[in-house]
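Please look through the chain below before reading the points that follow, which are meant for someone meeting it for the first time.

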Amino acid sequence: MNQPFLWGGLLAFAIAAAILRLVVGHPLLRERSVRVGWLGAVVAFVSGLALVFHCAAMFFGPWVDAVSFLLAPADMVRGMGAGSQVAYWLPAAALVVAWRRVWGPALGALIVTLAGVGVTMYWPFPLDVHLVWLTALIIVGSLIPTLLLRGPRAAS
């Protein structure tokens, strides 16, 4: 964990975006917002957790390894083989599917940043390049729910 300011700043940004959304109570870009059903919300949440786990296994290994049942999946992720790629690309694709109705430019930004993270992770790119793509993805991934997503309707 050699980038404490980066990770701290990104965590603070994501938390601030979530708090802003909760305080305001609606998407900030109402005219562009779309409703996400329960299934889409669950898929997006689980996909997000899987992507966070993938990143945590790579950058915060000692913390992840402290949880015994996470050791084997974390080792698989760190192995950078086919299992690691499935553990990244499958949740990335599921997140895109879950948010497929989002405003086109925002969905495009999500797709580009997910691809940028994946390519710079599995092809030989310097760590700094990968961290720039991760930063962009975390910002885009935090802004989409804050700006563009409405929750499912309550059952009547």
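1. In this predicted model, the largest nonpolar core holds 30 residues, and the members that touch the most others are Trp7, Tyr88, Trp99, Val102, Leu110, Leu114 and Ile144. Two or more residues of this core come from each of helix 1, helix 2 (38–59), helix 5, helix 6 and helix 7 (127–148), with helix 6 giving the largest share, seven residues.

2. Tyr88, one of those core residues, touches Leu51, His54, Leu114, Val117, Gly118, Met121, Tyr122 and Leu137, when residues up to four places away in sequence are not counted. Another core, of six residues, lies apart from the largest one and includes Ala56, Ala57, Val77 and Ala87.

3. The axes of helix 5 (residues 82–98) and helix 6 (residues 104–122) come within 10 Å and cross at roughly 175 degrees, and therefore helix 5 is roughly antiparallel to helix 6. Helix 5 makes the contact through residues including Tyr88, Trp89 and Leu95, while helix 6 contributes, among them, Leu110, Leu114 and Tyr122. The residues of this contact divide into 14 nonpolar, three polar and no charged.

4. Beyond its neighbours within four places in sequence, His26 is in contact with Arg21 and Thr146. His26 and Leu147 are 121 residues apart in sequence, yet their C-alpha atoms are 8.3 Å apart in space.

Note on methods: Residues numbered from 1 in each chain as written. Predicted model: local features only at pLDDT ≥ 70, side-chain atom pairs only at ≥ 80, totals over all residues. Heavy atoms only, no water. Axes fitted to C-alpha atoms, helices over the stretch in contact; angles between N-to-C directions. Helix = DSSP H or I, 4+ residues; strand = E, 2+ residues; numbered from the N terminus. Parallel < 35°, antiparallel > 145°, perpendicular 65-115°, else oblique. Contact = heavy atoms within 4.5 Å. Nonpolar A, V, L, I, M, F, W, Y, C, P; charged D, E, K, R; others polar. Core = buried A, V, L, I, M, F, W, Y, C linked by side-chain atoms within 4.5 Å. Buried < 20%, exposed > 50% of the residue type's maximum accessible area, 1.4 Å probe, protein only.
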